[in-house]
Amino acid sequence: MTFLAPRLRNVFGMATGISLLALSAAWADEVTVWCWAPEFNGAAMNEAIARYTAANPDAKITVVDFAKADLEQKLQTQLASGTTEGLPDIVLIEDYGAQKYLQSFPGAFEPLTDKIDYSQFADYKVGLATVDGQTYSLPFDSGVTGLFYRSDLLEQAGYKAADLADLTWDQVIEVGLKVKEATGKPLFSIDINDAGAMRIMLQSAGQWYFKEDGTLNIKDNPVFKKSLETWVKMLQTPDLYKQVSGWGDYTGAFNNGDVAGVFTGVWMTGGIKNNNMAGKWAVAPIPRLDGVEGATNASNLGGSSWYVLSSAPAKDTAIDFLKTVWAGDVDFYQKILVGQGAFGAYLPAREGEAYSASDDYFGGQSVWADFSNWQAKIPSVNYGIFTGEVDAAIAAQLPGLIAGGSIDDAITAIDAQVSQMIQ
Amino acid sequence: MRIFTKLSSFVVQALLWLAAFISVFPFYWMLSGATNTANDITGGKVTPGTALFDNISKFFTLVDAPRIFFNSFFVALVGTAITLIITSMAGYGFEMFRSKARDRIFGVLLLMLSVPFAAMMIPLFVMFSKAGLMNSYAAIMLPTLASIFMIFYFRQNTKAFPHELRDAARMDGLKEWQIFAFIYMPVMRSTYAAAMIIVFMTNWNAYLWPLIVLQTNEMKTITLVVASLASAYTPDYGLIMIANVLATLPTILVFFLLQRRFVEGMLGSVK
Amino acid sequence: MKLVTYSNRENWAGWSFIAPAMVLVGLFMVYPILWSAWMSFQTGKGMMTKFGGTDNIVRLTQDPIFQRALGNTLLFLVIQVPIMIVLALLFAVALNNPRLRGRAILRTAIFLPCVTSLVAYSVLFKSMFALDGVVNNTLIFLNIVDEPIGWMFDPFWAKVLIIMAITWRWVGYNMVFYLAALQNIDPSIYEAAKVDGVPAYARFWRITVPMLKPVILFTTVLSTIGTLQLFDEVNTITASAGVGGQPADATLTLSLYIYNLTFRFMPSFGYAATVSWVIVILVGILSWLQFRVARER
């Protein structure tokens, strides 16, 4: 690289001098934010920016949005290249990937331990952005899970809210079969290649693919075995679900009324409310695993946090911005909760008005207060750095398992594949 | 015998129309999708709906369309022009002036074509960022200009270029570059037309590399914008479909414009 | 004496014609390729790499995912490339017949698929081949199948879907090359053959195919390279939750695996580079074979 670079610079310099093709937009005092989902993360960020610039008219903060996979790819290329020019000042990272970035690119992210009061954020969100005692994130949205269901359809099958408040997954399968019988509609839309269900089940019992120290936690882990068994049992019950492929197909199924419910993260609330089905939806706690130690009716799926890049020229403004709005403005959290359905991990926000309001779309249920209560019960786990690898290994075994293969053999195969990949 | 010929020509016709139908159906689906709401589309509705103007107005409020389309057109058109000149020269050079050394270089080029782009992205990125060219039109275009694929294409097509034409021109005292510019280029019109369609299309739809080097909303191309729209937590398919229609229209237009060139070429560019 | 100077002049012209392209190739291809060659001997996570010698090659031999990806890629290659080349050639010849009615419309229609952008294409195919999508509904309506086919859930049908998708997208594209090349064949050759009473299929085999041999070779080599680098389709159409190559790695290809190793999994750039060199070596062997075959015919 080094032997070529100086000469290249000349060639490029000439080319740009002549053609004026280079339009560089690197202002030192300007903060750039990368995120995905412009209607959700982008909108919440823009609201925060509006609040901050109202008080600090000199600050210029811009949001650039990309598709999530694209953002990760850009970030990873850039960090790997070792050059810092062009990196944003603030970037959104999904919680599952946080440790991977923090550990494989040490020094790239700015520790905020001394600047942010982390006692005001949900514990489990803080833990997953901490490496060697330093915390790097400004925790944003929670992925606290719930069982969203069509109250009108479940009523036809004879279920009331109280019947659904304390379910196990095995009971959910029964509910699903009754719903199908009574309404002709399956309870869920399921993409068998989506690892979400396994993640929800594991975390609900305080377990993960890895132990605290990062070693594999697959073989001889009764919770992993129970989760896999439960998931396979669900997949082996065709009347329980409509089989879908891809995100659009998946969300379309419950937004269209093809299926009667969905178990997912709180961030889906906005999407569900975006249909003309007011009064027909409700939320129950996520079901728990049957017969394992530590099983709870609370878990997490997804959720993400903001990170400041160490190399950012406008780092100080970026941190001040995050601290002022994202770690201090209760009112802001009410606004994005109502506007985007963005459920923050900032605990003082829960005292705000919007968090206790009831919602007519959900038949007058105080959904946000319920989610707050469930969030407090989410067991904290360490997501580790190889989550994607394990997901892939599980997915590879599923067709065989659905066809009736042995769970123990599959667990051995998953363990072997992952061990090989992470050596 | 006559009946047999007629029958077989009928079968050929029918098969061609079937192939054409299969090829075009997804476009109909896309167009009708642009007139439907997100829920209708995921619900499998095939007939046109009434949400077209809603979708269009959503698109134009969310996206800075003039700027985005300018970016796409600028990069695609300038990139295509330069690519055609550089690669046709190279293809001509490799084929008309064969030597052992150049043949060997050509063999190496072919091998280079097979290196997956993902493997080269990081070093390329380092080069451009060191040169201070991030987030520029030049960064999008430069790595694509000397497309090995197009060099290969022009070399193959040059094989059909009659050598007698060059020899005659040399007798008339034309210089080598004049032969290329005034004889080869006009004679190979249909080759250029096909190449232009392909290069324009590739540039217009380029995704991975622009994604890596572009950093601000003002520099994004339409292809990147469509991908970002599709990344919502609950994607709005009506909006995505109209964005797809708008993103596909220019490539279809270019094809229709150049198709007439194609026909001209058929009337006998090589006699 | 005169001959020597002429040859020098010609040699100089040869270099000048290829010079601009070579400069650009040197900058934007040769250097990154050398970098990746060097990287393929590094091991480690992210940027914390160290020299690993042949460790990555050893890892290849023990990596079941790599072997799955290699198998899938070769299967796609062996089945898809011949189908596509033959279809494209037949379409081109049929469309080149000046007496064919609706020629321009047909040609345009068959070419159109390759102009769609990737995002549009994947959204379309996903919705059309959904369990209750247009394709299954049509097949059931026509009584061809009794139950909907799990295009994206069954490992076998997922492979079929990918082959159909690539063929749909690229047949028209290859056809254009043949059509353009057909324009450069002197029509009088066909006239003469017709006068001599040579039947249509023989004209195809004895005139068209040999005359198009350079272009056929060209498209075959390129399609081989394209299929060995197959990525777009398997990363979008058979993808779920942002993860391509589903179901159960049934459509995982080498390029997708490289992508996963670079961006999705814990980044191991060195090993990813090693896998990309497998593709380079495969292309080298296959192209050499294809050139050999073309020369012998």
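In what order do the elements of chain C run from the N terminus on? They run α-β-β-α-α-α-α-α-α-α-α-α-α-α. This is a predicted model, in which local features need pLDDT of at least 70, side-chain atom pairs count only at pLDDT 80 or more, and totals for chains, interfaces and linings use all residues. Residues are numbered from 1 along each chain as its sequence is written, chains are lettered from A and ligands numbered from 1 in the order in which they are written, and side-chain values use heavy atoms, leaving out hydrogens and water.

**Chain C overall**

- Chain C has 12 helices and two strands, taken as DSSP runs numbered from the N terminus (helices H or I, at least four residues; strands E, at least two).
- The C-alpha trace of chain C spans about 75 × 70 × 30 Å along its principal axes.
- Of its 297 residues, 60% count as buried (under 20% relative accessible area, with a 1.4 Å probe and protein chains only).
- Among the contacts in chain C with a separation of 6 or more, 68% come from residues 24 or more positions apart; contact means heavy atoms within 4.5 Å.

**Helix packing in chain C**

- Helices H3 (residues 64-95) and H7 (residues 155-183) of chain C have axes that come within 7 Å and cross at roughly 40°; axes are lines fitted to C-alpha atoms, for helices over the stretch in contact, and angles run from 0 to 180 degrees between N-to-C directions.
- That angle makes H3(C) oblique to H7(C) (under 35 degrees is roughly parallel, over 145 roughly antiparallel, 65 to 115 roughly perpendicular, the rest oblique).
- Their contact has 22 nonpolar, four polar and one charged residues (Ala, Val, Leu, Ile, Met, Phe, Trp, Tyr, Cys and Pro are nonpolar, Asp, Glu, Lys and Arg charged, and the others, Gly among them, polar).
- Helices H8 (residues 187-195) and H9 (residues 200-228) of chain C pack at about 165° with axes 11 Å apart, which makes H8(C) roughly antiparallel to H9(C).
- H8(C) brings C:Ile189, C:Tyr190, C:Ala193 and C:Lys194 to this contact, and H9(C) brings C:Arg203, C:Ile207, C:Thr208 and C:Met211.

**Aromatic pairs**

- The whole structure holds 76 aromatic pairs over all chains (ring centres of Phe, Tyr and Trp, its six-membered ring, within 6.5 Å).
- B:Phe128 and C:Phe28 are stacked, because their ring centres lie 5.5 Å apart and their planes at 20° (under 30 degrees is stacked, over 60 edge-to-face, the rest tilted).
- This pair joins two chains, because B:Phe128 lies in helix H6 (residues 117-130) of chain B and C:Phe28 in helix H1 (residues 2-39) of chain C.
- Both B:Phe128 and C:Phe28 are buried.

Notes:
Buried < 20%, exposed > 50% of the residue type's maximum accessible area, 1.4 Å probe, protein only.
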